[in-house]
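Please look over the sequence and the model below before reading on. The report that follows moves from the overall division of the chain to the places where its parts meet.

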Amino acid sequence: MTLIRLTLESARQVARELNKLGLNSPVLLEGVGQDPLDVLIATLLSQASGDQVTQGIFRELKGRYPGWAGLARAPLFEVEEILRRGGLAKQKSQRLKEILSQLESEQGALSLTPLLEGTDEQAMAKLLQLAGVGPKTAACVLLFALGRPVFPVDTHVLRVSRRLGWVGAKETAPRAQDLLSRIIPEDLHLSLHTDLIRFGREICRANTPRCYHCPLAEECDYARGRMLA
Ligand code: SF4
């Protein structure tokens with residue numbers, strides 16, 4: 001099963017319903033600014049780590065290593081120590097330093113801006129060459145820093161999209177991201193992405209979705225299946 005009922009209009013309808021809910025819990029990248037390298041670093045830090053912890057770590061790194069040159073030269077153990085209160089500290093500190101080293105040796109500067117010139121596909125391909133950068137992280141950089149027409153699919157967006165029947169129940173995140181990026185209207189990419197994350201956290205929760213309080217229940221494959229069970 002692939003795409004079932006995701007249309008321009010259904011995306012707009014869902015966006016309107018989520019908007020009416022007035023969900024406004026903080027979403028990590030809204031507070032990070034628009035520098036592409038900052039967005040990349042914050043997104044990498046968010047893996048296996050809650051937003052509040054990630055924001056704290058990001059602020060500490062940015063304060064201690066402004067411009068990121070200090071981070072590129074800091075001993076690994078020092079960076080790992082700062083990252084320790086989030087998850088995967090060892091892996092993430094190695095990746096951060098590897099990315100900065102890649103940028104310095106290949107671009108001669110600690111900046112993603114030259115890398116992201118060119119078409120959306122070229123920019124995506126270049127981001128995916130950086131250590132530990134997958135499709136969702138790359139899409140976050142392209143959307144949040146550059147306003148490019150991509151729709152990042154994280155765990156919440158994927159779960160809600162599957163339950164609504166926008167993508168198949170077993171669709172992978174990268175394939176769902178390709179499909180949703182093509183069909184969801186560009187003007188909704190940023191707001192619907194962040195609203196779906198909030199909706200996934202607050203209402204369409206992984207283990208205990210609040211279907212009885214959900215304005216999308218009538219259109220939702222998952223809710224219909226639960227009611228028939
Ligand atoms: S009806 Fe339930 S499963 Fe469907 S979108 Fe709403 S909360 Fe999620």
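## Two domains

The protein is divided into domain 1, made of residues 8-25 + 150-228, and domain 2, made of residues 28-146; these bounds come from an automatic or database domain assignment. This is a predicted model, in which local features need pLDDT of at least 70 and side-chain atom pairs count only at pLDDT 80 or more, while totals for chains, interfaces and linings use all residues. Residues are numbered from 1 along each chain as its sequence is written.

The centres of domain 1 and domain 2, taken over C-alpha atoms, are separated by 27 Å. Where the domains touch, 11 residues of domain 1 are in contact with eight residues of domain 2, and two residues count as being in contact if their C-beta atoms, placed from the backbone, lie within 7 Å. On the side of domain 1 that touches domain 2, α10 (173-183) and α11 (189-202) each supply at least two residues, and the largest share, four residues, comes from α11. Helices here are DSSP runs (H or I, at least four residues), numbered from the N terminus. By class, this side of domain 1 has six nonpolar, four polar and one charged residue, where Ala, Val, Leu, Ile, Met, Phe, Trp, Tyr, Cys and Pro count as nonpolar, Asp, Glu, Lys and Arg as charged, and the others, Gly among them, as polar.

## Helix α2 and its partners

The axes of helix α2 (residues 36-45) and helix α6 (residues 89-107) come within 10 Å and cross at roughly 160°. Axes are lines fitted to C-alpha atoms, for helices over the stretch in contact, and angles run from 0 to 180 degrees between N-to-C directions. The helices α2 and α6 are therefore roughly antiparallel to each other, a term for angles over 145 degrees, whereas under 35 counts as roughly parallel, 65 to 115 as roughly perpendicular and the rest as oblique. Their crossing is right-handed, that is, the near helix is turned clockwise from the far one by less than a right angle. Ile41, Leu44 and Leu45 of α2 make the contact with Lys92, Arg95 and Leu96 of α6, giving four nonpolar, no polar and two charged residues.

With helix α8 (residues 135-146), the axis of α2 comes within 9 Å and crosses at roughly 140°, which makes α2 oblique to α8. The crossing of α2 and α8 is right-handed. Here Pro36, Val39, Leu40, Thr43 and Leu44 in α2 meet Thr137, Cys140, Val141, Phe144, Ala145 and Leu146 in α8, and the residues of this contact divide into nine nonpolar, two polar and no charged.

## Helices α5 and α6

The axes of helix α5 (residues 76-83) and α6 come within 8 Å and cross at roughly 125°, and the two helices are therefore oblique to each other. The crossing of α5 and α6 is right-handed. Leu76, Val79, Glu80 and Leu83 in α5 meet residues of α6 that include Ala89, Lys92 and Leu96, and by class the contact has five nonpolar, two polar and four charged residues.

## Around the ligand

Of the 14 residues around the ligand, Cys204, Cys211, Cys214, Cys220 and Ala223 come nearest; a residue is near a molecule if its C-beta atom, placed from the backbone, lies within 6 Å of it. The elements that give two or more residues to this shell are α9 (155-164) and α12 (221-228), and the largest share, three residues, comes from α9. By class, the shell around the ligand has 12 nonpolar, no polar and two charged residues.
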